[in-house]
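Please walk through this protein with the model open beside the text. Start with the overall fold, then move to the packing inside.

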Amino acid sequence: MIEDLKRVWGSQPSALSRLILINVFVFLFISVLHVLLTLAGGKGVYQVILSYLRLSPDVGVFISRPWTLITYFFLHEGFFHILFNLLFFFWFGRIVLDFLGSDRVIHLYLLGGVAAGLFFMIAYNHVPYYAEDLQITRLQGSSGSVYAVVAGAATLAPNYEFRLFLIGSVKIKYIAIFCLVLSFFRIVGTNAGGELAHLGGGLMGYLYISQLQKGNDWGKPIAWILSLFNPKPNKPKPRHKKPKSKNSGSKEADIDKILDKISKSGYGSLSAQEKDLLFRESSKGKKN
């Protein structure tokens, strides 16, 4: 089993697999800890530990625990909570992964989680309806990050279709709109904080892909931060520069046109030649 996990962790492309595995590992650790502490009569200790991982909308509490803006979206307690979050993440994350590569999946997931947490905090501190629950409400779970990926995939390839049981083929833009509208109607319900996180994450997903299509990569700061933890080994400089292919510029232009076409008309609108070019260029990126 350990070898299988190592193989999945080290496989390429790995962004989707690694993020899913991190969430699963944290879930299993928290679940085991809950059982052991409950049996030992330390249920209160368990709640204290969670309080240092969940995100509080109270600014005073957050300032004393700023890391919770990250830890909260890796924290799940209920089995079905993590199951549905990771299923959605896998389905829509594959689209982002295939079209934009592993790095963009990571950037979208992290930016979505941070945006969802900030949106949650702003709402609870400025909307009178939530004032009474400011001190007791806490946020946990990856759904804000997942909704960022859902909205991002729908913005990137709105006419991409999923086959749904008993319904048939549905374009993902309609799935994303349905999920976000449903969350909006629920922001006055029992899980108001979670629904607000969905909206914040979804907004970030849309903005991230929209800006990326305009040439603005909001993920660069995250790429720089992550590079600090994963420095690349120094490679010897080649004595002779490799001549640049004359076709490299035209290929980049062709890829840009294909991505624009996907965004407007969906993946199914591509010709066989365009699909082949996209697949070959994507395969090159995955090997890097």
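Predicted model: local features only at pLDDT ≥ 70, side-chain atom pairs only at ≥ 80, totals over all residues.

The protein has 13 helices and two strands. It counts 288 residues, and 41% of them are buried. Contacts can also be sorted by distance along the sequence. Take those with a separation of 6 or more: 66% of them join residues 24 or more positions apart. The surface comes next.

Now turn to one helix pair. Two packed helices are described by the angle between their axes and the distance between the axes. Here the pair is helix H8, residues 143–156, and helix H10, residues 192–213. Their axes come within 7 Å and cross at roughly 40 degrees. The crossing of H8 and H10 is right-handed. On the H8 side, the contact is made by Ser143, Gly144, Tyr147, Ala148, Ala151, Gly152, Thr155 and Leu156. H10 answers with Ala197, His198, Gly201, Gly202, Gly205, Tyr206, Ile209, Ser210 and Gln213. Sorted by class, this contact holds seven nonpolar and 10 polar residues, with no charged ones.

Leu207 also belongs to helix H10. Leu207 and Ala151 are 56 residues apart in sequence. In space, their C-alpha atoms are 9.2 Å apart.

Next, look inside. In soluble globular proteins, nonpolar side chains tend to be buried together. The largest nonpolar core in this model has 64 residues. Which members touch the most others? They are Leu55, Phe89, Phe92 and Val105. H2 (15–39), H6 (79–100), H7 (102–126), H8, H9 (172–185), H10 and H12 (248–265) each supply at least two residues. H7 gives the largest share, 11 residues.

Leave out residues up to four places away in sequence, and Leu55 touches Phe62, Thr68, Leu69, Tyr72, Gly117, Phe120, Met121, Thr137, Arg138 and Leu139.

Ile30 sits in helix H2. Its relative accessibility is 3%, so Ile30 counts as buried. Which residues does Ile30 touch, not counting those up to four places away in sequence? They are Tyr46, Leu50, Leu53, Leu75 and His76. Ile30 and Leu75 are 45 residues apart in sequence, yet their C-alpha atoms are 8.2 Å apart in space.

Two more residues complete the tour. Ile258 lies in helix H12. Ile258 is buried, because its relative accessible area of 4% is under the 20% cut-off. Ser271 is 13 residues away from Ile258 in sequence and 9.7 Å away in space, C-alpha to C-alpha.

Ala223 is found in helix H11, residues 220–229. Its relative accessibility is 33%, so Ala223 is partly exposed. Ala223 and Arg104 are 119 residues apart in sequence. Their C-alpha atoms are 9.3 Å apart in space.

Terms used:
Residues numbered from 1 in each chain as written. Heavy atoms only, no water. Helix = DSSP H or I, 4+ residues; strand = E, 2+ residues; numbered from the N terminus. Buried < 20%, exposed > 50% of the residue type's maximum accessible area, 1.4 Å probe, protein only. Contact = heavy atoms within 4.5 Å. Axes fitted to C-alpha atoms, helices over the stretch in contact; angles between N-to-C directions. Left-handed = near helix turned anticlockwise from the far one by under 90°. Nonpolar A, V, L, I, M, F, W, Y, C, P; charged D, E, K, R; others polar. Core = buried A, V, L, I, M, F, W, Y, C linked by side-chain atoms within 4.5 Å.
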